[in-house]
Amino acid sequence: MVAPAEPTTAPNPPLVPEVGLDDEKKSISVQEEPVATLTQTRPPIDWSSSSAFFSSFGARWKSLWTRRFVLSLLAGQLVSLCITCTNVTTTELVKRGWTLSTSQGFFLYFSLFAIYTPYTIYQYGWKGWGKMILKDGWKYFILAACDVEANFLVVKAYQYTDLLSCMLLDAWAIPVCLFFSWLYMRVRYHWTQILGVFICIAGLGLLVGADQITNKGWDPVARGKGDAFMIAGATLYGFTNATEEFLVRKRPLYEVVGQLGLWGFLIGGIQASALEWKQMREVPWDGGIIGLIFAFTIAMIILYTVAPMIYRWASSAYFNLSLLSSDFYGLLFGLFLYKYSPYWLYFISFVVTIVGLIVYFWHATPEEQGVLDPQAPDYVSKRGRDDKIADEEQGTVAAATNNDPQTPNEKVEDEVEVRETK
């Protein structure tokens, strides 16, 4: 990591009079340096005296609450709430005899395809979109296939094993995601990030304990089979989250999500027609069922739209940690829908999980989690590309000539905003 230079008014050193083409390319590449190289570490903690410690602690605490971190924290709770909504709607569907897990996801992927693919074609043109399918479609096919099967396996796991196993084994997605994030982006995890992970898992442990005390579980039908489904599904979840983060850091969000929807609804449609075509004619299709499917799909569209933003603002690992608070929101839903009795451990577990999410970035910064440089493919003539490049260059010049110098953190946030608009 390269620390940003302090603002200065000294003129730049003169260039060599005769600049060749290679030199021009080098200068352009310096201007387009990825965002990850402009990060700054947190203020150090001073242990020399008590007053110095509290002063430096306050500076560290203040540096934590950047706009990017706050958005990541709030967005993480939004997707956690969406997960709770999908759990509630799925539970209601099962109670009404509607158990088509693959068909349920089909509506989600078709909606993502219908929303994001037309905009991708608008930006790339039909020819550019076709080139993208031919050259990079295989990546999105693998991503979508793993995502479809992860959803399928996790739903199947809930049918065979008990709630305790599902909650504990679902957390396996976190270390899997950490591993693939390191494999893709060579993220260097600080020990405080590992501590944050363990604190979040401790919050999960309190949730599991609360569920056991309040008897919210059920008897397993085939624990071994269900546990195997859950481990396989959690592994695929961790892989798909890290892979999608890797892609959205390099490509526009609408391209990645649109392709996930395209291949997802094709794979899901084929699988649903092969496995569930008989049940489609037997399950009820009344107004209540359609309303629940609609609510499930809307919640998942929000989740699949916000998740890539969290990948850019923070990381896919942070996204998975944020989902651990979903049981707390499940309690809030249960208070009104199922007349649950509030148990004090739920509130403690929620606070512990939030503390873990804060500790995760106590030392490391979100900008250090990977290079953020989303660009359209080089082989695509993107609509308005020249105008956007000109706007970025003007913004860079304006920032350089501004009389009010920015702090290093403000400079990083401003450049991140420019790149995230792509």
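The lining of the largest cavity divides into 5 nonpolar, 3 polar and 1 charged residues (Ala, Val, Leu, Ile, Met, Phe, Trp, Tyr, Cys and Pro count as nonpolar, Asp, Glu, Lys and Arg as charged, and the others, Gly among them, as polar). These lining residues are Ser181, Met185, Val187, Tyr189, Glu245, Ser315, Ala317, Tyr360 and Gln369; a lining residue has an atom within 4 Å of a cavity point, where, on a 1 Å grid over the protein atoms alone, a 1.4 Å probe fits but cannot get out. The volume of this cavity is about 40 Å³, taken as the space filled by probe spheres set on the points, which are joined across faces, edges and corners.

The model is predicted, with local features needing pLDDT of at least 70, side-chain atom pairs counting only at pLDDT 80 or more, and totals for chains, interfaces and linings using all residues. Residues are numbered from 1 along each chain as its sequence is written, and side-chain values use heavy atoms, leaving out hydrogens and water. For the protein chain, pLDDT (the predictor's confidence in each residue, from 0 to 100) averages 81, and 79% of the residues score at least 70. Over residues 1-39, however, pLDDT is below 50.

After α7 comes asparagine 215, with a positive phi near 55°.

Conventions
Contact means heavy atoms within 4.5 Å. On a 1 Å grid over the protein atoms alone, a cavity is a set of points where a 1.4 Å probe fits but cannot get out, and a pocket is an open set with protein on both sides within 12 Å along at least five of seven lines; lining residues have an atom within 4 Å of a point. Helices (H or I, at least four residues) and strands (E, at least two) are DSSP runs, numbered from the N terminus.
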